[in-house]
Amino acid sequence: MATDANSEAANPEACPVVDSLEQIGSQWRLVVLYDLQEGEKRFNELKRSTGASSRTLSRVLDDLQELDLVDRRLEEDAPVATFYSLTAKGESLCPVFDAIEGWADEWLGEDADEAEAMAAVEAVAGE
């Protein structure tokens with residue numbers, strides 16, 4: 001795999017894309033960001049819906065807060081609860097997730113499988 005310096009030298013225009021993916025591109029960051037599109041959630045709700053361990057989820061949420069993608073709200077009434085939600089910066093990723101979801105539906109879903117099968121049949125029939 002190419003190093004960051006090699007990637008930038010090979011294609012300087014890709015730099016913002018590479019930088020963006022380094023910010024949000026880990027598996028758990030993407031899962032949490034995608035899940036928080038539905039709105040504010042408590043820690044245990046996120047743990048259940050993402051399947052992440054407490055340790056992993058805590059680390060990821062800390063990272064996302066540091067990147068100003070996620071906001072943390074502590075409600076100190078009994079019982080104490082911690083809520084997480086997307087910041088404006090995090091919400092700005094929603095159209096990106098929509099675009100990726102559309103791409104996945106087109107190229108990775110059942111329709112894509114059918115299109116590949118049809119192309120294979122046509123290729124064999126054309127021989």
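Tutor: We will take the elements, then the core, then the rings. This is a predicted model, where local features need pLDDT of at least 70, side-chain atom pairs count only at pLDDT 80 or more, and totals for chains, interfaces and linings use all residues. Residues are numbered from 1 along each chain as its sequence is written, and side-chain values use heavy atoms, with hydrogens and water left out.

Student: How many helices and strands does the protein have?

Tutor: Helices (H or I, at least four residues) and strands (E, at least two) are DSSP runs, numbered from the N terminus. Here there are eight helices and three strands. Along the sequence the pattern reads α-α-α-β-α-α-β-β-α-α-α.

Student: What share of the residues is buried?

Tutor: Buried means under 20% relative accessible area, exposed over 50%, and partly exposed in between (1.4 Å probe, protein chains only). Of the 127 residues in the protein, 24% are buried.

Student: Which residues touch the most other members of the largest nonpolar core?

Tutor: In soluble globular proteins, nonpolar side chains tend to be buried together. A nonpolar core is a set of buried Ala, Val, Leu, Ile, Met, Phe, Trp, Tyr and Cys residues joined through side-chain atoms within 4.5 Å. The largest one has 19 residues, and L33, L61 and V70 touch the most other members. Helix 5 (54-66) is among the elements that supply at least two residues. Helix 5 gives the most, with four residues.

Student: What is L33 in contact with, leaving aside its neighbours within four places in sequence?

Tutor: Contact means heavy atoms within 4.5 Å. With those neighbours left aside, L33 is in contact with I24, L64, L69, V70, L86, L93 and F97.

Student: Which residues of helix 3 are buried?

Tutor: They are R29, V32, L33 and D35. Seen down the axis of helix 3, they fall within an arc of 165 degrees (taken from the directions from the axis to the C-beta atoms), so they line one face.

Student: How is a pair of aromatic rings described?

Tutor: By the distance of the centres and the angle of the planes. Rings of Phe, Tyr and Trp (its six-membered ring) pair if their centres lie within 6.5 Å; planes under 30 degrees apart count as stacked, over 60 as edge-to-face and the rest as tilted. Y34 and F97 form an edge-to-face pair, at 5.6 Å centre to centre and 75 degrees between the planes. Y34 lies in helix 3 and F97 in helix 7, so the pair ties together parts 63 residues apart in sequence.
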